Number of protein chains: 2
Amino acid sequence: MERIKATYYIETPFDIEKSAKVLAGEQSTGTFVKIPGETAELKERFAARVEQIRYLESVSQPAMPGTHADFPSYHRGMVEVSWSVENFAYNLPALISTLQGNLYELKQFTGLKLMDIEMPASYAAHFKGPRFGIEGSRKLTGVNENRPVMGTIIKPSIGMTPEQTARLVQTLVNAGIDFIKDDELMTSPSNSPFKARVDAVMRVIDEYADKTGKKVMYAFNISDGIDEMLRNYEYVCAKGGNCAMISLNSVGLSGTKKICDQGELVIHGHRNGWGMMNRHPLLGIDFSAYQKLWRLVGVDQIHVNGIQNKFWESDDSVVSSIKACLKPMLGGYTVLPVVSSGQWGGQAPETYRRTKTTDLLYMAGGGIMAHPDGPEGGVVALKQAWEAAVNGMSVEHAAKKYAAFGKSVKKFGSEV
Amino acid sequence: MERIKATYYIETPFDIEKSAKVLAGEQSTGTFVKIPGETAELKERFAARVEQIRYLESVSQPAMPGTHADFPSYHRGMVEVSWSVENFAYNLPALISTLQGNLYELKQFTGLKLMDIEMPASYAAHFKGPRFGIEGSRKLTGVNENRPVMGTIIKPSIGMTPEQTARLVQTLVNAGIDFIKDDELMTSPSNSPFKARVDAVMRVIDEYADKTGKKVMYAFNISDGIDEMLRNYEYVCAKGGNCAMISLNSVGLSGTKKICDQGELVIHGHRNGWGMMNRHPLLGIDFSAYQKLWRLVGVDQIHVNGIQNKFWESDDSVVSSIKACLKPMLGGYTVLPVVSSGQWGGQAPETYRRTKTTDLLYMAGGGIMAHPDGPEGGVVALKQAWEAAVNGMSVEHAAKKYAAFGKSVKKFGSEV
């Protein structure tokens, strides 16, 4: 029987091997006393197994305050645990409850983070994964050159009418943008009802497409209840849109999968709320594991933050997130990493130097809208920044060579 | 316009008031530069407001490692922020993205936890909430006395056939149990397909009900994709079951609401994965806020861990979770707190002493099954423990007065 493997970064004041076994027990057959009817055969078939332990350092203070304050030292390690696929078959919530369930509550641990998941081969037959991914996103936006898909976010996040939004979209499509998205805070408030916004925005996008042959991808934020999301989804399809955005953590796994399964729109996955699951180095889930779950669900594009972002995350962490997305899973399941947060082009050279990829959706908000030459200058500057990046130029060098990008550097170079 | 209020426990090396304003800005109108078109009127109407700040202690080390390691001190405070309901209307995922979205990622904070939410009155008209709650759960299980509904979990968690499960259910209903649930790891594995399990279990429950008039409530774990959950749900209804269990965090908000909206079954909400969101004192979400969201969604029963549990959580935290559930929300929305984890009756006196309630679903697994007189003795002992608790007896006193409970104390008293 196939097995699924998960790697955990753990910390415990007790013996690492024993603690790992408690984890495996709790997440398969366990309770606190021996139960009549629990045979050895049954345990052998269904119990989780500790496959590997890599011992790391010991420390004098626990990673998580509140419990076990009185031990001399806390031992860290990477622990690989496996489960028979038979335990949950192809039920994703059951898989999550197994890999990320009660184990975080175990007394044995003063730190526990799910670092990676190794999916068994048969998953490829059961989960369709992203219908569009990198190739589909490029095809629909018509970006075939060696540069990222350039995107932006409608700001202010909230408060604009559909007409105001459409005017902004007009400005942005005229400026040559490839992709635009609603803000994750924007769904269907009274000032901008969903359908009215779709109508107003698609009119602008279609008109521009008729004129120029370039159809800008717009990610309408459909996040809501299941029925409402399906209605929103159908409305976007009916109006000729090709993308919908979902706040993954707010909607949840089952709801997001239901939407992805419709298969007609590119699904832009926003990870807002992610900090809660990842910000502590020894609690929650690492992005390597997280993005695999959403690829399985069928998300086509997923947020990875950006180099020199306005959030807390380090560049190293962002780079490893991008690399995780670009690593094939089960031989495919491509997902387009969405780089955003405080981006204006100045981060392009470093992003390319460290990831060596242009398979990105590169999002700039203020970096486009507030460019000294207006949004058009902003989009041109972004493209220049990436041309420079791919050619190995530094920001300083590119600022001299490209006028529009030079103005970005002048305006934003000190703000970030 | 009505406002929704959220209280955050924050830590920052910067000025608390300024940091709170950054939070409010990020979660409403914000981007990193001023945007053309962002008028003062628009800001006034849609911007989040910092309503109140309660300054707490300063500390010398940040709560969250990794950033800002070089500041002399870190200031803590409780901050109340409000948003106009207009921003997200009655869209729950949009509300979550606002209250629990990107704010966890802000550089300004070295700790941030959502502590409580104050729902506006109009939510009562838009969210039906729990259809059964405390009263409905009592009515369906026929527990009208002044004691908790007594429940247990099928163990081993996984591996048994439907017939083995049904035999165990037979033993448990004969023993006088009120409520039984699937383990959260058990959904529809090859060894126990969902429908076959429902068939086998309901046969036993119905037969017992026909004979005695007592219909035991069984929470079938329907957690899965949306369509699969709806099918499972309908199957439980068709077979005369009255309860379904959902792993709330694994299924997610939108999927769970879709199921609750069906309105025919009691929804038993399992919070596995919760430790990830709450285990750190300065990261994530407090149970007070968490349980309100699920009551809004319509969950009837929600897990709160238990006194002297086998997990990391303190008794104080468990007690405050129980109290949070029992506090009316918008004048109602009752939810039955599910006490579980290492419970065997010995914790009843302390649970009652600290909460003064019997409106609980009190779950014991091994505490029932491994009782020296078998499950029947286990259930009798639980009821005795609660009779003693309500009468203010100590464990020692009750152990002398009640023979079955006395045996529990002898067997489990030293294990927990």
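A polar contact is here a pair of N or O atoms within 3.5 Å, where within protein one atom must be able to donate a hydrogen and the other to accept it. The legends below describe close-up views of a predicted model.

View 1. On the side of chain B that touches chain A, at least two residues each are supplied by helix H2 (40–46), helix H3 (92–99), helix H8 (226–238), helix H9 (248–251), helix H10 (253–260), helix H11 (274–278), strand E10 (283–285) and helix H15 (366–369) of chain B. H3(B) gives the most to this side of chain B, with 5 residues. Sorted by class, the side of chain B that touches chain A holds 34 nonpolar, 37 polar and 16 charged residues. In terms of contacts, 87 residues of chain B meet 87 residues of chain A, and the area buried between chain B and chain A is about 7800 Å², with carbon and sulfur atoms giving 58% of that area.

**View 2. A salt bridge between chain B and chain A.** The rule finds 4 salt bridges across the interface of chain B and chain A. One of these joins the side chains of B:Lys310 and A:Glu26, with a distance of 3.1 Å from N to O.

**View 3. Where domain 1 of chain A touches domain 2 of chain A.** The domain assignment divides chain A into domain 1 (3–124) and domain 2 (133–415), and the centres of these two domains, taken over C-alpha atoms, are separated by 36 Å. Contact between the domains involves 24 residues of domain 1 of chain A and 19 residues of domain 2 of chain A. The two domains bury about 1900 Å² between them, of which 70% is on carbon and sulfur atoms. Of the area that domain 1 of chain A buries against domain 2 of chain A, 32% is supplied by A:Leu92, A:Lys113 and A:Met119, more than by any other three residues.

**View 4. Polar and charged pairs between the domains of chain A.** Between domain 1 of chain A and domain 2 of chain A the count is 1 salt bridge. A:Asp116 and A:Lys292 form a salt bridge in which the closest N and O atoms are 3.0 Å apart. Strand E1 (3–12), helix H3 (92–99), strand E4 (111–118) and helix H4 (123–126) of chain A each contribute at least two residues to the side of domain 1 of chain A that touches domain 2 of chain A. The largest share of that side, 7 residues, comes from E4(A). By class, the side of domain 1 of chain A that touches domain 2 of chain A consists of 18 nonpolar, 2 polar and 4 charged residues.

**View 5. Helix H3 of chain A and the cap at its N-terminal end.** Because 8 of the 8 residues of H3(A) are buried, H3(A) is largely enclosed by the rest of the structure. These buried residues are A:Leu92, A:Pro93, A:Ala94, A:Leu95, A:Ile96, A:Ser97, A:Thr98 and A:Leu99. The N-terminal end of H3(A) is capped by A:Asn91, a side-chain oxygen of which lies 3.1 Å from the backbone nitrogen of A:Ala94.

**View 6. The surroundings of A:Asn221.** A:Asn221 lies in strand E7 (residues 217–221) of chain A and has a relative accessible area of 1%, so A:Asn221 counts as buried under the 20% cut-off. A polar atom of the A:Asn221 side chain lies 2.8 Å from the backbone oxygen of A:Met186. Not counting residues up to four places away in sequence, A:Asn221 touches A:Asp182, A:Asp183, A:Glu184, A:Met186, A:Thr187, A:Phe194, A:Arg197 and A:Met245.

**View 7. The surroundings of B:Asp183.** B:Asp183 is placed in the loop between strand E6 (179–181) and helix H7 (194–212) of chain B, where B:Asp183 is buried at a relative accessible area of 3%. Residues up to four places away in sequence aside, B:Asp183 touches B:Ile153, B:Ile154, B:Lys155, B:Ser157, B:Asn221 and B:Met245.

**View 8. The surroundings of B:Thr351.** B:Thr351 is found in helix H14 (residues 348–355) of chain B, and with 1% relative accessibility B:Thr351 counts as buried. Apart from neighbours within four places in sequence, B:Thr351 is in contact with B:Ile307, B:Ile322, B:Lys356, B:Leu360 and B:Trp386.

Terms used: Residues are numbered from 1 along each chain as its sequence is written. Chains are lettered from A and ligands numbered from 1 in the order in which they are written. This is a predicted model: local features need pLDDT of at least 70, side-chain atom pairs count only at pLDDT 80 or more; totals for chains, interfaces and linings use all residues. Side-chain values use heavy atoms; hydrogens and water are left out. Contact means heavy atoms within 4.5 Å. Buried area is the accessible area (1.4 Å probe) that two parts lose on being put together, summed over both. Helices (H or I, at least four residues) and strands (E, at least two) are DSSP runs, numbered from the N terminus. Ala, Val, Leu, Ile, Met, Phe, Trp, Tyr, Cys and Pro count as nonpolar, Asp, Glu, Lys and Arg as charged, and the others, Gly among them, as polar. Buried means under 20% relative accessible area, exposed over 50%, partly exposed in between (1.4 Å probe, protein chains only). Domain bounds come from an automatic or database domain assignment.
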